[in-house]
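Q: I have a model open and want to read its features one by one. Where do we begin?

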Amino acid sequence: MSEKPSREDEMAGTEQPFVQHLMELRDRLLYCIYGIALAVAVLAIWPGPNGLIDFIAHPIKMHMPPDAKLIAVGVFSPFFVPLKVLMMVAVLAVLPWIMYQLWAFVAPGLYSHEKKFALPLIIFGSFLAYVGIAFVQFFVLDKMFAFIQGFTPESVAATPDIASYVEAILSLYLAFGLAFQVPIVVMLLVRFGVVDIDKLKSFRGYFIVLSFVIAAVVTPPDVISQLALAIPMCVLYEVGIIGARWFKKAAPLSESEEEGKTSVDSHS
């Protein structure tokens, strides 16, 4: 009867020289650059930089005076701000491609059972990032600007600078995109044995407090955006616990567990 290959055998033949690792890293980075360049070319044609600016500026323009426009204070802002937005949207558009290149680079160093769950997590993580950014664009910004504009005196014309506006929403995109990765982090912590599900449940109260602290630090000083970040983080923490429980059941037995099971079967 053939013996089941050990984890060392599972990894046999995957060792590569350091120079070959560097060449592989170079190729993966080039693939990422090619993907971003293609996305930039497509977005530059449609909807174009002006269309992208109009799209991301829609939430604040809804709460500005009629016929009011965002202003460009800097001399070079009319050129650099649309370019920055174009690059930002291009990177977001090819985010799954970039994550796949990252996975393809580290995949040769993973065990076969680790490769099975790595790719779904990358896809799920990219999806959560898109959900977080869409949540900002279609819900948080509208409620946040409605709250802020409500405190604007009638004698003040609310015409924000486009460069400041873009920097503000970029920080919100990044904050929510990362915050929505909570289920991924929780599942990985359980999968690699850093914590168990019971500890995650007992840490629930502390995580709620931590969520509100993080939201107060990374979001603007308004209640709407802070609640919009803290509450989804708490919900996603629970989703991570549920996913970790399923993930743990679906994960294969460790080597020590397999050896113990084999020894029990041999004595039966």
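**Reading a helix pair**

A: Begin with how two helices lie. Helix 2 and helix 4 are oblique to each other. Keep in mind that this is a predicted model.

Q: At what angle do the axes of helix 2 and helix 4 cross?

A: An angle from 65 to 115 degrees would count as roughly perpendicular, and one over 145 as roughly antiparallel. Here the axes of helix 2 (residues 18-45) and helix 4 (residues 77-93) cross at roughly 120°. They come within 8 Å.

Q: Is the crossing of helix 2 and helix 4 left-handed or right-handed?

A: The crossing is right-handed.

Q: Which residues of helix 2 and helix 4 meet?

A: From helix 2 come Ile36, Ala39, Val40, Leu43 and Ala44. They meet Leu86, Met87, Val89, Ala90 and Val91 of helix 4.

Q: Next, the backbone. Is the peptide bond from Trp46 to Pro47 cis or trans?

A: Read omega. It is near 5° for the bond from Trp46 to Pro47, and that bond is cis. Pro47 sits in the loop between helix 2 and helix 3 (48-61).

Q: Last, a single side chain. Is Ser126 buried or exposed?

A: Buried means under 20% relative accessible area. Ser126 has 4% relative accessibility, so Ser126 counts as buried. Ser126 belongs to helix 6 (residues 112-149).

Q: What is Ser126 in contact with, leaving aside neighbours within four places in sequence?

A: Ser126 is in contact with Leu95, Pro96 and Met99.

Methods. Residues numbered from 1 in each chain as written. Predicted model: local features only at pLDDT ≥ 70, side-chain atom pairs only at ≥ 80, totals over all residues. Heavy atoms only, no water. Axes fitted to C-alpha atoms, helices over the stretch in contact; angles between N-to-C directions. Helix = DSSP H or I, 4+ residues; strand = E, 2+ residues; numbered from the N terminus. Parallel < 35°, antiparallel > 145°, perpendicular 65-115°, else oblique. Left-handed = near helix turned anticlockwise from the far one by under 90°. Contact = heavy atoms within 4.5 Å. Buried < 20%, exposed > 50% of the residue type's maximum accessible area, 1.4 Å probe, protein only.
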